[in-house]
Amino acid sequence: MESKVSRRLRQAPAPEVIQYLFQPRTTRAFFANNFEVLTQINLAHLLMLDRQGLLEKSIARTLAGALLRMREDGPDVVELDPAREEAYFNYEAHLIKLVGADAGGRLHTARSRNDIGATNDRIRARDYALSVGQALLALTRTALDQAERYAEHVMPGYTHMQAAQPITYGYYLAALADAWLRDLDRILHGLVTLDGCPLGACALAGTSFAIDRADTSALLGFSRPLANALDGVASRDFALELSASLSIMMITCSRMVQDFYIWSTPEFGYLTFPDSIASTSSIMPQKKNPAVLEYLRGKTAHLIGLTSGAFTVVKSTHFTHSGDSSRESTRSCWESADEALKCLALVRLLVEQVEPDGARMAARAAQDFSTVTDLADLLVRQADLSFREAHHIIGAVVRQALDAGLGASGITVAMIDAATREQLGRDAGLAAADVAACLDPARNVAGRLSAGGPAPQAVRARLVAQREAVRGAEREFEAIQERIDAAALELAERARALSAMPAAAAH
């Protein structure tokens, strides 16, 4: 028994080859995921062959009708035989079953599985990028809404996991939104990278048939055909870029999750979660576990691993089509995108439903010395000290307060004067009201009006620009989607028109 797809191979595939290589690419789920894209590619190629006069009208009409019938019937009617190697050959076998070997075989004129597969991958990556973009837009909008809501909820800001300076919870969320806006830029850049159609590149060197690659590119929603046929079938950098962008995005999400994880412990008590996004223990009845947070941290590692795996697969392949560079690398991208979409829905749920304890946050900020940088600044302004001198003096004051068991609110003018005398031989001469104002976390934050600072009015002003950036990204995604939708409409209309052509006109 010889191969079912080529008489070049005199032997059927070994059972192990079928089981491990071909079976995964001919499962019902795999075929269903690729069926519509294959149909679009087949229709676009057929319409181009017809317009270029490379097929007899009667054959083109027959093929158009059969392809539209297959689309209507859906993927489940196609018999899947792993001995045919992959989805495309099974699709073609069903088409030949409908129209006969001669007509069915002519559709493959001037193309290869290589350019079909490369085109399929770009369309699939494009669909994923658009879906991720919409989910990321929704998350960013939610973060901005919550940032405005909590713009005055004072809390300690941290560096090295030590109290640093007061910020607000809204400011923290606005910072995350800026990071997610950059993720949106990366996704949009990926859409530009993949916006070139390989169809017509054939195996790697184009074709001697007079095809019109601009026609097929437009029908599939691309702005142009790729300029180099070899590059068209060799490159999956668009998938690597998407995978990398998703990993970077999830790293930001995971860092937020780590903050939420710490801040929701009883020891911090800054955040509370509704029971609907928690789990419990099988033995300890008091437990409310942060299951969503742990899931997201784990999935971030999963995405990083998938991205690293894809890069490793491609790095030693030749710059041409091969199974590992084309198939094994992109499967990681599809899995990454599927997981990222689930993660984004959960991250948005967290941002939307987590409740900050404003009173506890403010009380901690008042006691944990995160306000004392303002005391050093006050010495610079009112006592004519260099900042380094002021830094030493306030450091000594903090040490004294800690030794006495005092929080930041226990710092007095006398303590500052004593430290200044020890350092410089004179009093600082600060007013008690000014010292108290520096140590008040709310007033401390309100005074930080420098660009990028946490003052509530600065945060709200920045939110205006952030929302406009979101709207700008929305418009870019919409423009891409509108182009794709318009192309799909033209593809369907031309296909219906060809299939409905009277028989007399088809000769």
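T216 is buried, with a relative accessible area of 2%, where buried denotes under 20% relative accessible area, exposed over 50% and partly exposed the range in between, computed with a 1.4 Å probe on protein chains only. The residue belongs to helix α8 (residues 213-219); helices (H or I, at least four residues) and strands (E, at least two) are DSSP runs numbered from the N terminus. T216 and H45 lie 171 residues apart in sequence, yet their C-alpha atoms are 6.1 Å apart in space. When residues up to four places away in sequence are not counted, T216 touches A44, H45, M48 and L199, contact being defined as heavy atoms within 4.5 Å.

The model is predicted, so that local features need pLDDT of at least 70 and side-chain atom pairs count only at pLDDT 80 or more, whereas totals for chains, interfaces and linings use all residues. Residues are numbered from 1 along each chain as its sequence is written, and side-chain values use heavy atoms, with hydrogens and water left out.

A428 is situated in the loop between α16 (413-424) and α17 (432-439). Apart from neighbours within four places in sequence, the contacts of A428 are L379, A383, I416, D417 and T420. By C-alpha atoms, A428 is separated by 66 Å from S329, a residue 99 positions away along the chain.

The axes of helix α6 (residues 113-149) and helix α10 (residues 237-263) come within 10 Å and cross at roughly 20°. Axes are lines fitted to C-alpha atoms, for helices over the stretch in contact, and angles run from 0 to 180 degrees between N-to-C directions. The crossing angle therefore makes α6 roughly parallel to α10; angles under 35 degrees count as roughly parallel, over 145 as roughly antiparallel, 65 to 115 as roughly perpendicular and the rest as oblique. The crossing of α6 past α10 is left-handed, a term for a near helix turned anticlockwise from the far one by less than a right angle, with right-handed used if the turn is clockwise. On the α6 side, A118, D121, R122, A125, Y128, A129, V132 and L136 take part in the contact, and they meet F238, L242, L246 and M249 of α10.

Helix α3 (residues 57-73) packs on helix α4 (residues 87-99) at an angle of about 120°, and their axes are 10 Å apart. These two helices, α3 and α4, are therefore oblique to each other, and their crossing is right-handed. Residues T62, L63, A66, L67, R69 and M70 of α3 meet Y91, H94, L95, L98 and V99 of α4.

In helix α13 (residues 358-367), the buried residues are M361, A365 and A366. Viewed down the axis of α13, these buried residues fall within an arc of 135°, so they line one face of the helix; the arc is that of the directions from the helix axis to the C-beta atoms. The elements against which the buried residues of α13 pack are β1, α7 (169-193), β3 (271-272), β4 (355-356) and α18 (441-446).

Strand β1 (residues 154-159) is paired with strand β2 (residues 162-168) in the antiparallel sense over 5 bridges, pairing being assigned if DSSP finds at least two bridges between two strands. Y158 has A163 of β2 as its bridge partner. The two strands, β1 and β2, form a hairpin with 2 residues between them.

Positive phi values occur at several positions. Most residues other than glycine have a negative phi, and most peptide bonds are trans. In the loop between β1 and β2 lies H160, whose phi is near 55°, a positive value in a residue other than glycine. H160 is exposed, with a relative accessible area of 75%. A110, located in the loop between α5 (101-106) and α6, likewise has a positive phi, near 65°. The relative accessible area of A110 is 8%, and the residue is buried. Just after α13, F369 adopts a positive phi of about 70°.
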